[in-house]
Amino acid sequence: PAAEAGLYSPSDQIILLNPENVESVLANSTAAIVAEFYASWCGHCVAFSPVYKSLARDIKEWKPAVDLAAIDCAAQQNIKLCSAYSITGYPTLKFFHAYSKADSKGEAYKAFPRDVQGLRHRIIDKLENQEPWPPACPPLEPTSQAEIDSFFETNNVQHLALIFEKASSYIGREVTLDLLQFENVTVRRVLSTEQDLVTKLGVTDNIEARHFYSYALQRLPGVVRSGRPPLVHIDHPTNSTEEPWRPFNRSRVYMADLESTLHYSLRVELAAHTVIRGNALVSLKKYISVLTKYFPGRPVVMNLLRSVDSWLQNQSGGEITYEALRKILDNSAQSPDTALPEGVRWVGCQGSQPHLRRFPCGMWTLFHVLTVQAKSTSPRGTDPKEVLSAMRNYVRSFFGCRPCAEHFENMARESMVEVDSTSSAVLWLWSRHNRVNNRIAACVLNSRGQKDTRAFMCLLPRHLNTIQPTAFIHPSSLSSSVRVAVFPSFHSQSPGTHIIRLTSALSEDPNFPKIQWPSPEMCSACHTVRDNREHKWNKEQVLPFLMSYFSSSRILTDYLE
Ligand code: FAD
């Protein structure tokens with residue numbers, strides 16, 4: 001079984017959902033729940049996780065009214081659950097109002113912000129508009145002169161704090177929620193348009209300082225934490241143990257990665273779609289069809305792909321259920337010569353941590369192999385874009401990392417039309433993959449912050465052959481979390497030039513830095529230098545390199561069952 005450690009741990013103040021606790025957490029809860037559905041392999045989820053963790057710390061006082069939860073949809077035991085909540089892309093954030101029914105799928109936040117403040121505001125927006133109101137949630141609407149006049153007659157508290165603010169400000173509501181677990185103090189917001197109150201109370205200042213207000217109010221004489229026990233029982237699933245590291249050759253392709261990718265895509269990623277119809281069904285048929293034609297798999301796996309392909313071709317209705325497809329995937333497995341091994345066993349795509357590499361690495365590798373196989377084996381007259389279109393459709397319809405799918409679709413829309421031969425298809429995928437490497441690389445100097453006077457190539461804003469020195473950052477200003485990505489053979493070519501782009505290193509495995517691939521060590525003939533010393537790919541060499549690197553005869557079969 002796969003190692004399934006999620007992105008969050010019990011100390012993060014986030015409820016870790018699993019099939020056993022989901023109903024008790026989400027259904028009929030006295031607090032509203034915001035739940036993140038993520039996939040641990042998805043770089044955007046990895047990048048979002050520190051934000052979600054800080055949000056949890058930031059609004060921990062709000063728990064009786066609204067609490068945070070998360071679930072790893074890439075974990076085998078959670079797949080069905082995520083599918084039941086109609087999760088098809090990651091990360092998805094859903095709001096479950098208090099007393100949600102057991103069959104509620106929650107309300108998805110569309111295009112949610114990726115910063116703590118933005119998220120806090122969106123949570124308040126939902127809290128304000130929900131029915132029923134969580135019993136522990138204080139009123140959030142602005143108060144009025146009349147209410148204040150009679151406040152101490154009707155309320156038995158020592159302090160009333162009024163926060164004067166513009167209608168668009170969230171501070172008043174945030175401080176109200178920050179004080180929710182404190183007794184003897186009530187916080188209300190007053191809109192600055194309440195002129196009479198503003199004048200009467202002599203309000204002059206308008207400092208926007210949520211933490212300052214909350215801190216001061218929590219420490220007023222007589223104000224005490226109410227000691228309410230947490231309303232939601234927190235139940236932590238155990239993370240299964242990490243698998244042992246499998247030694248492998250970094251310059252080879254492994255069948256174990258390709259089969260793991262098929263397993264994950266057919267049994268996990270597709271399983272998120274209860275019913276597959278329309279364009280998604282077309283995508284699935286094309287995907288299986290190119291796999292059947294070009295996947296250089298073991299006979300048992302090929303038999304399985306063929307039986308799925310012929311079953312799909314016979315489906316004349318406009319839709320299929322995933323359940324029916326799953327039966328074909330599993331029924332076939334009863335025959336000893338037809339099977340796709342269950343579970344994943346990453347080898348060349350192993351990551352140094354459970355959330356790095358793996359499935360997306362396998363997906364790239366699979367499609368490089370398929371474009372290369374199509375070039376070697378497809379008969380004349382075959383559509384040269386056949387494999388790329390299948391990939392484009394699969395990514396658009398099913399690839400769980402939705403921002404990745406959007407980026408990929410943009411690249412495809414921009415230039416896939418130029419592909420006019422199976423060779424240019426191989427090169428197109430190679431160069432687009434390098435573009436992605438380039439975009440997401442954490443590109444950096446010396447990790448110890450030592451001064452490094454060598455020139456080095458980072459992964460640059462554009463393609464390598466259009467490099468311009470873009471920035472010079474003194475190494476001492478780099479934090480220790482940034483890392484080196486170096487093109488060694490270029491050290492001597494433009495001494496003294498440092499070209500740096502710092503990006504989030506979160507989805508990059510430190511042991512597998514994003515480089516413009518293949519490196520000069522792997523294929524020195526692939527690289528040349530122009531007269532002006534800029535780098536240039538030698539595509540005449542890159543093509544045979546790719547043809548050999550991804551060829552079926554070089555694929556290693558170690559670690560297969
Ligand atoms: P990967 O980039 O996954 O590469 C796998 C292997 O392929 C490498 O180990 C290497 O051996 C080989 N390789 C590397 N470059 C090339 C190349 N140019 N040509 C041929 N082979 C190569 N992540 C994001 O953060 N943002 C995105 O927008 C994004 N878009 C994606 C789009 C798609 C279609 C896919 C499949 C993935 C996307 N990802 C994105 C994920 C990201 O590209 C990596 O797959 C992931 O970070 C794992 O990286 P990795 O180090 O395992 O290497």
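Modeller: Start with burial. A residue counts as buried if 20 or more other C-beta atoms lie within 10 Å of its own. This is a predicted model, and of the 561 residues of its protein chain, 40% count as buried.

Colleague: How many helices and strands does the protein chain have?

Modeller: There are 18 helices and 13 strands. As for the contacts in the chain with a separation of 6 or more, 80% come from residues 24 or more positions apart.

Colleague: Which residues are buried in α11, and what covers them?

Modeller: First, the general idea. An α-helix has 3.6 residues a turn, so residues three or four places apart point the same way. In α11 (residues 278-294), the buried residues are A280, S283, L284, K286, Y287, I288, V290, L291 and Y294. Their cover includes β10 (275-277), α12 (299-313), α14 and α15. The 17 residues of α11 reach 25 Å from first C-alpha to last, close to the 24 Å expected.

Colleague: How is the packing of two helices described?

Modeller: Two packed helices are described by the angle between their axes and the distance between the axes. Here, the axes of α15 (residues 386-398) and α16 come within 9 Å and cross at roughly 145°. The crossing of α15 past α16 is left-handed.

Colleague: Which residues make the contact between α15 and α16?

Modeller: From α15 they are R392, V395 and R396, and from α16 they are A405, F408, E409 and A412. By type, the residues of this contact divide into 4 nonpolar, no polar and 3 charged.

Colleague: And the ligand: how many residues surround it, and which are the closest?

Modeller: The ligand is surrounded by 24 residues, and the closest are G43, P360, C361, C404 and W517. The elements giving two or more residues to this shell are α14 (359-377), α16 (402-415) and α17 (422-440).

Colleague: How do the residues of that shell divide by type?

Modeller: They divide into 14 nonpolar, 8 polar and 2 charged.

Technical notes: Residues are numbered from 1 along each chain as its sequence is written. This is a predicted model: local features need pLDDT of at least 70, side-chain atom pairs count only at pLDDT 80 or more; totals for chains, interfaces and linings use all residues. A residue is near a molecule or strand if its C-beta atom, placed from the backbone, lies within 6 Å of it. Helices (H or I, at least four residues) and strands (E, at least two) are DSSP runs, numbered from the N terminus. Ala, Val, Leu, Ile, Met, Phe, Trp, Tyr, Cys and Pro count as nonpolar, Asp, Glu, Lys and Arg as charged, and the others, Gly among them, as polar. Axes are lines fitted to C-alpha atoms, for helices over the stretch in contact, and angles run from 0 to 180 degrees between N-to-C directions. A crossing is left-handed if the near helix is turned anticlockwise from the far one by less than a right angle, and right-handed if clockwise. Two residues are in contact if their C-beta atoms, placed from the backbone, lie within 7 Å. A residue is buried if 20 or more other C-beta atoms lie within 10 Å of its own, exposed if 12 or fewer, and partly exposed in between; C-beta atoms are placed from the backbone. The expected span of a helix is 1.5 Å times one less than its number of residues.
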